[in-house]
Amino acid sequence: MLEFDMAAVFLASASGGFRSGQRMLHFTGAVITGILSGIFMLIARDLLCGMGAIGILTSGRVLGAAVAGGVLGFVLVRRLGGTAHVRKTFACLEGTALGLGAAAGLLRGLYMGLPVTGCVMLGVLTGIAGSVARDVCLAEMPLTVAADFHFMAAAIGAMFGFGLALAGLSPLAAGLGAAAAGLLLCLFGFWRRTRTGQADLDY
């Protein structure tokens, strides 16, 4: 569904712009990193589906959502400065982007009639693709590798969404369920690592 695609791109780009701003990149560099984070999420999904990347690269709406997200992320982190809200804001942006990405991948798999393994893997890889692209651009260890919860949040979110679809719920409900589960599990993972003193590995 287009709504999930656009929302996933926007939030992944915002997370990329925010993280880049944390790393003191200039405005242009941060926005470009954000754009790459958002667009790569959908490109990775469509390449895995054998659809190619032309549809994403030529979509003005996708590019507009990516630019807007990157700018928003950079502005947010600069407005927050060094406050304690920076970590919480990044966790919310990252968790929402991951959940929406997992939902966008899952829905594409359901639309193509893939079995459970294909739908779940497509949801997982779409969910983590944006953060991997961002962290590679920033020359950092990808969060999905450094943090034990990141990949699992996308996987459980996609499985939960597929379960809802299997139970007869609409694709919209399945996508919302996948996005919500991914977000909540990602936020819980950030909170747990903060409580155990491991947050510096993630931020």
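A: A disulfide is a pair of cysteine sulfur atoms within 2.5 Å. By that cut-off, this predicted model holds zero disulfides. Take Cys49: this residue is in no disulfide, and the nearest cysteine sulfur, that of Cys119, lies 9.4 Å away. Cys49 is also buried, at a relative accessible area of 15%. With a relative accessible area of 40%, Cys92 counts as partly exposed.

Next, here is the surface. Phe151, Met152, Ile156, Met159 and Leu185 make a nonpolar surface patch of about 410 Å². Helix α8 (residues 148-166) gives the largest share of this patch, four residues. Leu185, in turn, is found in helix α9 (residues 171-195). Leu185 counts as partly exposed because its relative accessibility is 30%, and buried would mean under 20%.

Met6 sits in helix α1 (residues 2-22) and is buried, with a relative accessible area of 19%. Leaving aside residues up to four places away in sequence, Met6 touches Arg61, Val62 and Ala65. Met6 and Leu42 are 36 residues apart in sequence, and their C-alpha atoms are 9.5 Å apart in space.

Methods. Residues are numbered from 1 along each chain as its sequence is written. This is a predicted model: local features need pLDDT of at least 70, side-chain atom pairs count only at pLDDT 80 or more; totals for chains, interfaces and linings use all residues. Side-chain values use heavy atoms; hydrogens and water are left out. Patches are made of residues with over 30% relative accessible area and no salt bridge: like charges are joined within 9 Å, nonpolar side chains (Val, Leu, Ile, Met, Phe, Trp, Tyr) within 5 Å. Accessible areas come from the Shrake-Rupley method with a 1.4 Å probe; for residues, only the protein chains shown count as cover. A salt bridge is a side-chain nitrogen of Lys or Arg within 4 Å of a carboxyl oxygen of Asp or Glu. Helices (H or I, at least four residues) and strands (E, at least two) are DSSP runs, numbered from the N terminus. Buried means under 20% relative accessible area, exposed over 50%, partly exposed in between (1.4 Å probe, protein chains only). Contact means heavy atoms within 4.5 Å.
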